[in-house]
Amino acid sequence: MPANLTLETLSEAFAAGEIDTVIVAAIDMQGRLMGKRFHAAHFLNGGWEETHCCNYLLATDMEMITVPGYAASSWEKGYGDYVMKPDLETLRRVPWLEGTALVLCDLLDHHTHEDVPHSPRAVLKRQVERARKLGFSAMMATELEFFVFDNSYEELRDSGFRDPRPISAYNEDYHIFQTTKEEKLMRALRNGLYGAGIPVENTKGEAEAGQAEINIRYAAALETADGHVIAKAATREIAHAQGKSVTFMAKYDHNRAGSSSHVHQSLWTLDGEPAFVDKDDEHGMSALMKHYMAGQLAHARDITIFLAPYVNSYKRFCVGMFAPTKAVWSADNRTAGFRVCGEGTKGVRVECRIGGADLNPYLACAALLAAGLDGIENKLELEPELRGDMYGAQGVREIPKTLREAAELAAGSDFLRTAFGADVVEHYVHAARWEISEHDRVVTDWEVQRGLERA
Ligand code: ADP
């Protein structure tokens, strides 16, 4: 299901008074939409060709700080411009905002008009192209979990984000009655995304009070990542319009489950045949799929930084809460980091369960694809399947325990350097080290509550 506007149909919608605003947005390192709102007349009158943004957009943290130490953007380099080049394939209606359309942009070098190598969309496009050269199209889906609160963002901010009130009082996994109570929001979300050309499969309650999940039909990796960032924006915007709020933090409360973004992956031939299927195999997995999974396992620790990019992300990896702690594989087993789904069917695929809802989908999909393709290129052999409860398994590959560990693994990874380019790896390792140094510097509520009186 493609995006649903062209310049021509946008022009007709403008003339009919249906659309007057076009959001022109690039994707930043955190996976957020960043850009400008154009009057539709200006967009149609040449704005669609390109616009510009400050290049600090790929060198800031969540707070938009001018983080020191990046090679690509700095005060010394004068924080110049990037070109924002609308990808007209992504031009679509935004039914949940009045009179509005949206287009996603690639970020290009101001002088050469080449892709900025560390721009998340460029990082993914490079791996998609690598797969294509090997004769495959990478199909992916990024399930997305989040919490819904009855409070507005403004109320939460006024209370120091202390006591968000989850929209339900109990674990609502698969519950129809509880999710009926949430339909005003979730129906608007499903229909809004559908009207934006994003093929929503379903929404459901998840395994914690106030937690929900949205599933979007698998598609080519770039389309999936585009749909993911738009779905996140839609969820926030529709919740906000209804006086509610949502969070995609990996772990907003240590007493509750975290939110994941599992990534389902399969390779298809360029003429549309599934390349992961072998009916004669025990699990219905082709030799190609086994090499792909072997690559993901071999590099799982090196790429965790792209699946769990914040200090907080690592608090999700705890025993018995459906988030994995071990980077091993198993068929139809939710305790393993990599789960084989759809065994013996055309839809056989690997689901990476390591990523949190806070991942940047372009970087996560690119890292997973790069690891899988490395397994194919080097014909890596798939290790034996592990069965049973992986939480207690001893002597098996662990998911890194902290961002510090993950960042140093990425920094030392020859595989990542070759796949992404040394500059790109250094850029994201620098981002992680900045997160760590900020976290090390700040005194948290936990420390004050524990120590103020008693230390
Ligand atoms: P689960 O029960 O684990 O939630 P679903 O059947 O809901 O599994 O599928 C999860 C996601 O996997 C969906 O977004 C779906 O589109 C996607 N999916 C299905 N088949 C494939 C495939 N061959 N390759 C990649 N993703 C797929």
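The domain assignment, which is automatic or taken from a database, divides the chain into domain 1 (7–115) and domain 2 (127–422). The contact between them (heavy atoms within 4.5 Å) takes 15 residues from domain 1 and 17 residues from domain 2. The C-alpha centres of the two domains lie 26 Å apart. The model is predicted: local features need pLDDT of at least 70 and side-chain atom pairs count only at pLDDT 80 or more, whereas totals for chains, interfaces and linings use all residues. Residues are numbered from 1 along each chain as its sequence is written, and side-chain values use heavy atoms, with hydrogens and water left out.

Domain 1 and domain 2 bury about 1,300 Å² between them, 66% of it on carbon and sulfur atoms; buried area is the accessible area (1.4 Å probe) that two parts lose on being put together, summed over both. Zero salt bridges are found across this interface, a salt bridge being a side-chain nitrogen of Lys or Arg within 4 Å of a carboxyl oxygen of Asp or Glu.

N55 is found in the loop between β3 (51–54) and β4 (81–86), strands being DSSP runs of E with at least two residues, numbered from the N terminus. The residue N55 is buried, with a relative accessible area of 9%, where buried means under 20% (1.4 Å probe, protein chains only). Leaving aside residues up to four places away in sequence, N55 touches S73, Y79, G80, D81 and Y82.

Helix α8 (residues 287–307) is mostly covered, as 17 of its 21 residues are buried. Helix α8 bends by about 75° at A300, the bend being the angle between axes fitted to the seven residues ending there and the seven starting there.

Notes. Helices (H or I, at least four residues) and strands (E, at least two) are DSSP runs, numbered from the N terminus. Buried means under 20% relative accessible area, exposed over 50%, partly exposed in between (1.4 Å probe, protein chains only).
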